[in-house]
Amino acid sequence: MDAEIERLRQRERELEERIAKLEAERASGLRRPEAGQRTSAASPELLFTAAEKTRMPQIITDPNLPDNPIVFANRAFQILCGYDASELLGRNCRFLQGPGTDPADVAKVRDAIAGRRDVVVELLNYHRDGTPFRNELYISPVFDAHGDLRYFFASQLDVTRFRTAEGVLAESESRYRALFGAVDSGFCIVELRFDAEGRAVDYRFIEVNPAFATQSGLTNVAGKWVSDVVPNLEPFWLETYGDVARTGTAIRFESGAVSMGRWFDVHALRVGEPELHRVAILFNDITDRRRLERHLEDAAQQRTDERDMVWRASRDLFVVCGLDGYFRKANAAWTEMLGWSLDQIVGQRFDALVHPEDRATAAHAFETISKGEAVDDIDVRLLAKDGTYRWMSWNGFPTGDHFYAAGRDITERRALEEQLRQSQKLEAVGQLTGGVAHDFNNLLTVIKSSTDLLKRPGLAEERRQRYVGAISDTVERAAKLTGQLLAFARRQALRPETFAVDRAVAAVADMVRTLTGARVNITLDLPGEEQRDLHVNADPSQFDTALVNLVVNARDAMAGEGNLHIRLYRAMNIPAVRAHPRQRGDFVAVAIADTGAGIPPENLERIFEPFFTTKGVGQGTGLGLSQVFGFAKQSGGEIIVESEVGKGTIFTLFLPRVSDAEVSDPAAEPEPLAEGHGTCVLVVEDNLDVGAFAEQALSELGYSTVWVTDASKALIELERVPFRFEVVFSDVVMPGMNGVELAEEIRRRRPELPVVLTSGYSDVLAAHGTHGFDLLRKPYSVADLSRILRRAVQDAKARAAQRNS
């Protein structure tokens, strides 16, 4: 028994010695050779030979030399780092490190070298070209047979590509997980189960994202079979996902799951190896959208039904027309109203049935709607199949490459309007005739009485002069009366020129203070200097007359006492007035407001009629506002009135504004009744009495005259003796070639020869103006005749001198 105990104690002591030896070796990091073992140091040649032959990059350093230099580097290491052996031997391997090398990794190597122990570390080294690589470094000390440190042996392994692949994989996995958790759409991966015939009979949820529950309404489904989660799921879903798993063909569709009470937008594709039968499903709950779409579809269908009903039942003409001008669709009203079948309408040009006189109106409307603008109340006549025409009022609305248009039959309305216009015209003509007859009879009475008195023998010179003066004044009043009538009828020959309205208004305001009297307070509201570019192109004398008429009318409305406010401003539109729509543009507006009695509503529509007046007998002719109305219309403008009984009236005159106007200084007027000094005048006048008077008057003023009765004779006379005449004085209204045409022909043949026109009224002058020629209105005085002829000759000489200078 004692022997056995002693044996065990001996065994214990051996084990303790062995443990102590192992702990000492572990503490020192060195593995010393066992008794009888040989290390590579015992045969250095064998160690170096083995290191040279291996394909693994290896180096050997000598710690017994200063700075532990490299004493051997095999070919694989030279290829790895890019350095030749001559560049490596004798250098410490730290030169392979760089700015990206982790100091902690370097410290591990340094500590292992100092402690003469093995170490494995991964650190960042650099190739000779400066590119980095991940180096897994294995360092071991090499001892000789006596246990002395002989070398450090270091193996290298380039793990760059492994670390890169791991990083990419980790980053991809991270992105996938982030997307998987953040996406609002439902996402899951399912695994299909098939029966023996290859039919999909169930699927299991492998993975679901957080949004899965929100989009599907199902919770805690991961790892469960769909047959357990949704027992009554329609076979369509199994068949669809089964096809994706078998064929690998992705699919995108929308469908409803009746068992779940939802509609889904689904995108499904196979993932993983085909034998796994796995399908990734991305889906969104579109139940609310589908309900809204169904509601919108129902509403759209209802609107379509209503539109179709209106399209079929309406008695108005409906048409869809392309922007190429051809009808694409029409309703049955074309047949009922005009007799044309739809086949005869569809494919027709928009103006094919329009009355020739209305085609310009239709073309302008089509041009407007082609620019993307709607049109309203376009009245044109359309041809019916029976050859008659019917008036249609059209509205059009563009959209895309076509437009919709609706036409309403206004034939009866137009007929009634025409009857009303004729009735109003007859009433106006009657009123105008009566007023003209009344005023002219008064004037003729003065003239007749004066001439009768002049015939009496032994008449004193003082009375003779008085009667002659009465005749002259009466003639001027008659001329003014005809001028007012022509102004209302927009038939006067205007002399438009560009002038600053603010100056004209200021001048008239100063002048009319004497007309209104001291008890009328006149205030003038003109724009500031920065806004005074207010020029118009109109007849300045007619403009002044219009303002005077408005001021006098205001004075009379206030019974000579009150406040009169004259305001000038720029307006960008004219309000709708007298059945005319609002007119857009650039206008100068002059508003004259009074504090008078106002105008009753029943008279507002009649105040511009000639001879209409509410004044007492002898207080006015009723032509003042008519002149303003005619002047405004003929100048391209408008006159509107606003009034409230007991509070006053505002008249606003609108005229088109002209920008960057240049106002020329008025030419100096020659003295009246100056001698002609032999100036030769060609007089062209078909009226024998007027022609004889003109010839006699000019002869008495010292002019040399030749009188012909028509334009053709005048041209012959001009050709017979060239350069004989210094000025031509011609009537406008003549048989054959009128005076304007004669003047233009003379201008063509003899551009330096001045022409003066004269007329009491001419529709040519009213419509087209004087074409730049001077005009002397009939009746004219001898003084007016002398002045205008001398001015024409004077201006012609000035132009000739300017050309020759």
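Visitor: Where does Lys647 fall, buried or exposed?
Guide: Lys647 counts as exposed, at 59% relative accessibility. Keep in mind that this is a predicted model.

Visitor: And which residue does the Lys647 side chain meet in a salt bridge?
Guide: That would be Glu644, with an N to O distance of 3.6 Å. Glu644 has a relative accessible area of 44%, which makes it partly exposed.

Visitor: How many salt bridges turn up in the whole structure?
Guide: A search finds 35. One of them pairs Glu191 with Arg278, whose closest N and O atoms are 3.2 Å apart.

Visitor: What about Arg381 and Asp358, buried or exposed?
Guide: Both are buried. They form a salt bridge too, with the closest N and O atoms 2.8 Å apart. Arg381 lies in strand 13 (residues 375-383) and Asp358 in the loop between helix 12 (342-345) and helix 13 (359-370), so this pair ties together parts 23 residues apart in sequence.

Visitor: Then what's the exposure of Cys93?
Guide: Cys93 is partly exposed, with a relative accessible area of 32%. Cys188, on the other hand, counts as buried at 2%.

Terms used: Residues numbered from 1 in each chain as written. Predicted model: local features only at pLDDT ≥ 70, side-chain atom pairs only at ≥ 80, totals over all residues. Heavy atoms only, no water. Buried < 20%, exposed > 50% of the residue type's maximum accessible area, 1.4 Å probe, protein only. Salt bridge = Lys/Arg side-chain N within 4 Å of Asp/Glu carboxyl O. Helix = DSSP H or I, 4+ residues; strand = E, 2+ residues; numbered from the N terminus.
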